[in-house]
Amino acid sequence: MDWSVILSDAIRSGIGPVAAVYALAAIGLNLHFGYTGLLNFGQVAFMLVGAYGVAASVSTYGLPLWVGVLIGLGSSVLLALLLGLPTLRLRAEYLAIATIAAGEILRLFYRSSWAEPVTGGVFGLQRFATEFYDISPIPRDTYGFWLVRFTSRDLWALSVAWAVVLLATALIALLVHSPWGRVIRSIREDEDAVRSLGKSVYAYKMQSLVLGGVLGSMAGMMLAIQNQSVNPDSYDPVVTFFLYTILVLGGAGRVFGPIVGSILFWALLTFFDSALREAIAAGYISPDVISAPEVGAVRFALVGLGLMLLMIFRPQGLLGSRKEMLLDAR
Amino acid sequence: SSGDGDGGEGGGDGGGGTLKLGYVLPETGQLAYLGPPQIQAAKFAVSNINKAGGVLGQDIPELTGSDEGGQEAVAVQSADRVLSADVDAVIGAAASGMSLAIVDNITGSGVVQCSGSNTAPTFTDYEDGGFYFRTAPSDSLQGPVLSKVIREDGHNRVAMIARADDYGRGLMQSTKQELESAGARVVLDETYDPEATNFQQLVQQVRNSNPDAVAVIAFEEGTQILQSMIESGVGPRQVGVYGADGLRSEELATLVSPDDPAVINGMKGTAPASAENQQFVSQLKQFAPDLTELQFAPQVYDCVNTIALAAEQANSTDPADFAPEMNGVTKDGEKCTSFQQCKNLIDQGSNIDYDGVSGPLDFIEQGEPGQATIEVYTYDQTGTLKTVRTEVSKGSG
Amino acid sequence: MTVRVPFVLATALTQGDAVPQGPGFLDRALQALVDGIQFGAIIAITAVGLSLIFGTTHLINFAHGELVTIGAVMAFFLNVGAGGPGWHLIPSAIVAIVIGALLGGLIERGLWRPLRNRGTGLINLFIITIGLSLLLRHVVLVFFGTRPQSYREYDIQQALDLGPVGITPRDLIIVVLSVLVLLGVAFMLQRTRIGTAIRALSSNPDLAEASGIDVDRVVLVVWMLGGGLAALGGVFFGLTEIITWDMGFRLLLLMFAGIILGGLGSAYGAMVGSFVIGIVAQMSSLWFPVDLQNAWALLALIVVLLIRPQGILGQRERVG
Amino acid sequence: MSEQDEQALLVAERVFAGYVPGVDVLCGCGLLLGPRELVGVIGPNGAGKSTLVKAIFGLLRIRSGMVTFKGKDVTNLPAHTLVSRGIGYVPQRQNVFPTLTVEENLRMGTYLRPKEFSRRVATVEELFPVLAQRRAQKANSMSGGERQMLGMGRALMMEPEVLLLDEPSAGLSPRFQDQVFERVKEINASGVAILMVEQNARRCLQICHRGYVLDQGGNAYTGTGTELLHDDKVIELYLGTLARAR
Amino acid sequence: MRAELAKLSFEPGVAKPDPLLVVDGVTRAFGGLVAVHVEHLEIERGAITALIGPNGAGKSTLFNVVSGFDRADSGSWTFDGAPVTGRSAHRVARRGLVRTFQLTKTLSRLSVLENMLLAANGQRGERLGLALLPPVWLRQEREIKRRADELLDRFRLSRMRDEYAGTLSGGQRKLLEMARALMVRPTMVMLDEPMAGVNPALTQSLLSHITDLRDEGMTVCFVEHDMDVVMGISDWVVCMAEGEVVAEGPPHAVAKNPAVIDAYLGKQHDEPGTEPDHE
Ligand SMILES: Nc1ncnc2c1ncn2[C@@H]1O[C@H](COP(=O)(O)OP(=O)(O)OP(=O)(O)O)[C@@H](O)[C@H]1O
Ligand SMILES: Nc1ncnc2c1ncn2[C@@H]1O[C@H](COP(=O)(O)OP(=O)(O)OP(=O)(O)O)[C@@H](O)[C@H]1O
Ligand SMILES: [Mg+2]
Ligand SMILES: [Mg+2]
């Protein structure tokens, strides 16, 4: 069993572009759920409109990439406003299911034959981000340190992605420690109290929804640009589950929670995969026990188990405060 | 895929070394059932190649596998993992959408990608630097045959239902076009959400459209749809029922009705030929006794063989060297049908034309079969799968 | 192989181009309604357990779908599985329900109770259900495999012709059984001591304990009930549709939609909501493409919440 | 143990307990409730009165110390066992089942002995006539005072041997406050030992046999009701002089 | 103030010299139960008005309706001359009418200090754009903090300043709730049973704080069941029963009103503050 392979796989995954994308989406979710208390289960919908904003603008309408980005941002704001209208008045659990439903509705419509002329329907859209790679200043080669190597393409994508993540983190840090942040954290605790003090709860929730949604859409755009491909079925509720997992792993309501959570989540996911396959290859596990096609399933089962154990033994997440969590538990 | 390989970055390990292969195939997620046959077929191919002495005298090492998982993010991470193991070629992904998500990364790294089940037409003209190939025939090859079979049986009012995904919609569209240009009326062309839990309304629509033939373009969920159709009175006993490759299965009858396999008596369908090679099927089943389904297994098997032969032909395991040979080994030359046989020919210096277990292949310039052998199958009184005939399709022109 | 010229075709040919018409709109609507009720019944049966568990422990249980799957898969194993005893479906189903109940109980005893006692927060518990769902689903995948399967009995039946609508005896019996079971659950909640205890617990757990209710025991009962109902729903689901490794997971969102639509915390709400979801899903295809069925059902949820934020039977809470 | 301790019904000794790990809210306080006794607990806000009652009743883990009931150790037993042994409790906050109707709330009072319901409900409804008028109303729609009555009513349905009351009079109109105190006295006279936490300290001490003053998690003063009522320190620190001033 | 009020006739709905809040014909029914039915009620500016009445009289419901947390079935009300009928809760509060809740609403996972800071109005940093520019709001924040600390001190909560508000005891929550409302610097506060559960010794010092506030010009309206408190500080008492205003007047006049005694006080209270009848 080659530990250096397992380790390098895990690390590459943890700092790779996908981890950055999920971190960004989770930062948006952190604003929604961690700070404002909005149990938004439709974060994936923001990613979807962001991704398709870019993809459709460029592929379908032949616009330049930066216009596509603007359109992606614009559609996420629009979605937030539309989504907020019916859902922000709801109590937590209702909001959760209503938003998850909204996400699914959106996915189903984007993939339907009605939308095919614009979204490519089930075929998705491809090849719309060549501009992004054209402006890469990194010469073609592979780069790396220690056990980890990236192609120049990945390195460019991941540098931009992590830069955006850091900017977003700084933005959130500034915001939540400001009086504005105090208001949204108060809304998380008790809306009526905030209302009675003369703050427009609805407006604040909407601001939070829009802002977090915009971050989510940026994540979607980054994912789309990285893959040069969008497909509606990749934006199913499971993505949101993963985002929550990331958020809680890192610590909800903590500025760096999403980053830590995402790195950990993806590193773990790949670690299990890699370790299992290495163990089988090295003969530690007989193929009779786990046959090749079953590795994926066993990996996810292990991830599920690992997730449970983490939550059981470190319920507040890596960065969370146990005291705060106990208060929550009542 | 067009054009020559431009060398890429860092793929492979130079001319001499071993040929390393990996795969990104679904082990979990929506299409998990497409995984096992493909994975086993790839392993089977490798084992046969190694039995024949390996590629350039070196055994192909254990495949570096990874799960496509039905999620772009998971697939991308998996592809990264496989690539970082310095593979020369990647088999997969199974779903066209997932392939599209990873194709840039793989081909951009100068590694060959070959899928046995991507049927979406998009790939034909995809800019992949000449590194992407597929052995699955594009939908435009199967549709005409399916349409022809339906017309031959004298049906004019055809209801079509298909999975709402790139496979289903693609095949449905190409079949529908053919049907209509052949003068039949397509009275219903409905797609359904493959994740749906319930197909009653779909079947009601079929019934309401009053067809004389129904084409069902489905994967595994087709069983469920057939059951509903039979119960609603639009089964093979009442109308012509046609399937595509997704419904071609030895066990379809027992899956639909364990007690009364005759319920699908008379159902017909088309699929890229594979059963033609009975030997392959029985050997594969011997190799992997747990396999129940063989969907796309022959195509994947051929992917692996083609890659190995291209490397032999190029006398190099560097993808930049052997990718340009991929098309050549499948056409225009002395026919051969197994790795061993073809390798011998190459060693003798002949130009080979590998005809795989999934068909003659004959890759066109874009790195995919320009024609396909399509099998017309049917189920008999006892629910047994029977081949009616095979025919070569070159598409609808 | 001779080609059967279907009866419909024959008539169509004799009538020349006068194409035979399908049933009228009203008939189709009625049929869709019947199908919707049947679909709703299955959602309801599985959703009630979920709703009870939510009610008593405020746990959003994302692993509930897996309980449904396991129920169906267990019955399959006993019924036709390789190495299984090959029983008739009815005893298989009964045993599967018992196993489902035991599994529910086991999860509560082994997992949730210790966690509750440690004061683990609700969001954590909820993330743990996501983990549990991943775990169970993929364990099922490993053991059951990726192929869809059917039970040996009752798989294909001739539809009964009830005027404009048709329904197979199997589906009819499933609907009737579901409604009976649902009524039974309702009766239990409203009239029996354990029912009162369940409702009290969902209302105020500390006070319930202070009234002499053994909270742990009641929660255990709820989990067993939930597990049993889920298994029953799974068998029904497998019967009307098909058994797959992720069948429950696919149904999960609809279950939640049903619960929310009906109004959280009310088991009747869960039933009503589930039927609405089922009916809207099926009726939508009278006008819209079939692949958007679920989209319309979910849209109905959002529209209802727009008008009644607390759900159909939910109650608005008093402020201040 | 002193002789008095041995006769005592309910004893809490040197109890340490708290909500957050590492922080004790109760630091070694204790109390004693004899048979047929009416004992009041007063103290400033946040002193730990409610915490003490919760700890005794098994709703909060005791970290060290001991609670005995009729001589048997009941430390950290779950609350429902204590209920079945004859202890009743009315919490300070959230003392009704909000989604249940008034009648169902009252029924919960006799959960362990459902047959007694019809007999006892009459007395409770006589005390709080609103409850009789509102049998079908959901508790969460009731006014603050009505809820308080319902909470009390539920506990009175239990007819326990020991009753723990956490601020039973809070939010009640004066008329009902009087009734509650009177009723508490009556119940006590009928043989039920009562431990009552009250902010209406004056009224509480007036009817109590003995009283404890709790401050910052420990016992500050103890004595008979009258003693405490007239203790200048207690008056200044805990009772206030408002009522007297005028 | 008291003197001016004393000149009025003591009957329900009497017009005040300088009313701040005027309620007209407000009704609110739940199903068949009419919880509030107030013909006319005026709350005098700069005075302390106590609202008393038996449990379920409709006091909290009236508060809810006026403060925008519940809707009225009919009726209208004006605050400070402006119509606020049907306005949403935060609009009402922004006009200067702030209320507290009978069942406290603490912001559990914010510190006690943050609970206070939140309440201050007109904070520049609460606007999304400006929040990103700390220099714009830092000075104001310091000033608010100072005020918050003063109030916490007054309410004996300084010790808990940096604790999570969720750890407060029942009475402390009441205190925080009141202190928080005062942070808003409202024109008028409506306190729903502010002293229920608060220690008597503390009650007393809070009362003097409230009278100070009144003397600075704030209008206070509070619901309270502790007659000692009512008699001690109120300038005017309004008594409700079964949704209607049944009596109005200065404290002593109302306490002697037979209707009030009958509906509310019970026999013991004709003479508040009697000595113990114990033993
Ligand atoms: N949402 C509601 N649904 C039904 N009845 C309600 C609702 N809200 C209040 N009520 C009823 O209206 C009446 C008035 O309630 P309110 O809370 O205003 O009383 P209150 O005067 O504040 O009493 P207390 O002093 O006990 O707090 C009560 O009888 C109560 O049960
Ligand atoms: N759930 C909790 N979590 C953490 N700390 C708590 C909790 N409840 C109470 N505390 C802390 O315990 C201390 C004692 O609280 P307790 O409720 O026992 O006071 P009390 O004497 O009943 O006061 P009051 O008269 O105001 O009800 C308080 O200072 C508070 O900080
Ligand atoms: Mg207390
Ligand atoms: Mg009130």
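**A tour of one interface and one ligand site**

Select chains A and C: 48 residues of chain C are in contact (heavy atoms within 4.5 Å) with 46 residues of chain A. You are viewing a predicted model, in which local features need pLDDT of at least 70, side-chain atom pairs count only at pLDDT 80 or more, and totals for chains, interfaces and linings use all residues. Residues are numbered from 1 along each chain as its sequence is written, chains are lettered from A and ligands numbered from 1 in written order, and side-chain values use heavy atoms, without hydrogens and water.

Stay on this pair. Chains C and A bury about 4,100 Å² between them, 80% of it on carbon and sulfur atoms. Buried area is the accessible area (1.4 Å probe) lost when two parts are put together, summed over both.

Now colour chain C by helix (DSSP runs of H or I, at least four residues). On the side touching chain A, α4 (89-117), α5 (122-144), α10 (247-262) and α12 (293-307) of chain C each give two or more residues. The largest share, 14 residues, comes from α5(C).

Next, select ligand 2. Which chains surround ligand 2? Residues from chains A, D and E do, so the site is shared between chains. Of the 20 residues around ligand 2 (a heavy atom within 4 Å), D:Lys49, D:Ser50, D:Thr51, E:Thr167 and E:Gly171 come nearest.

Zoom in on the backbone of chain D. A polar backbone atom of D:Gly46 is 2.8 Å from an oxygen atom of ligand 2. For D:Gly48, a backbone N or O atom lies 2.8 Å from a ligand 2 oxygen. At D:Lys49, the distance from a polar backbone atom to an oxygen atom of ligand 2 is 2.7 Å.

Definitions and conventions. Polar contact = N/O pair within 3.5 Å; in protein donor to acceptor, adjacent residues only side chain to side chain.
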